[in-house]
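Work through the exercises below with the sequence and the 3D structure at hand, and try each task before reading its solution.

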Amino acid sequence: MPLPDGRFDAVVCFTMLHHVPSPRQQDQLFAEAFRVLRPGGVFAGCDGRAGWGFRLIHLGDTYVPVPPRTLPGRLRAAGFPTTDISLRNDNFRFRAVRP
C-alpha cells in the first residue's frame with residue numbers, strides 16, 4: 001500500500017481474507033497491516049471457516065480460507081506477538097495489537 005509506516009490506529013478486514021488468492025499473499029496482507037499501524041494499533045477482523053456451505057457460495061470465485069488454527073503463528077510472523085481469536089460454527093473473529 002502506498003501509505004506511510006505507523007500511520008493508523010486500526011486496520012480491519014471483514015469477511016474478505018478468503019478472497020486473497022494465496023496464503024503467501026494473505027501473509028503479505030498481515031505484514032502490511034502491521035507496517036501501517038502505530039504502536040498500540042489494532043488489527044481486527046473476521047472471516048468464514050472452511051465448509052461446504054461457504055465453498056458453495058464461492059463456486060467460480062477465489063476461495064482460499066484461512067484456517068483459524070494457523071492464524072496466531074502467521075500473525076506472529078508478521079510482527080504481532082499475541083492474537084485473540086474467537087471461533088463460531090461457521091466463522092471466526094480475531095484481534096491483534098502492534099507492540
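**Exercise 1.** Is Phe43 buried or exposed?

*Solution.* This is a predicted model, in which local features need pLDDT of at least 70, side-chain atom pairs count only at pLDDT 80 or more, and totals for chains, interfaces and linings use all residues. Residues are numbered from 1 along each chain as its sequence is written, and side-chain values use heavy atoms, with hydrogens and water left out. Phe43 has a relative accessible area of 0% and is therefore buried (under 20%; exposed is over 50% and partly exposed lies in between, with a 1.4 Å probe and protein chains only).

**Exercise 2.** Classify the ring pair of Phe30 and Phe43.

*Solution.* The structure holds five aromatic pairs, where rings of Phe, Tyr and Trp (its six-membered ring) pair if their centres lie within 6.5 Å, and planes under 30 degrees apart count as stacked, over 60 as edge-to-face and the rest as tilted. The centres of Phe30 and Phe43 are 6.1 Å apart and their planes stand at 55°, so this pair is tilted. Phe30 is also buried, with a relative accessible area of 0%.

**Exercise 3.** Classify the ring pair of Phe34 and Phe80, then find the charge that sits over Phe34.

*Solution.* The centres of Phe34 and Phe80 are 5.1 Å apart with planes at 90°, so the pair is edge-to-face. Both residues, Phe34 and Phe80, are buried. The charged end of Arg98 sits over the ring of Phe34, 4.2 Å from its centre (NZ of Lys or CZ of Arg within 6 Å of the ring centre and within 35 degrees of the ring normal).
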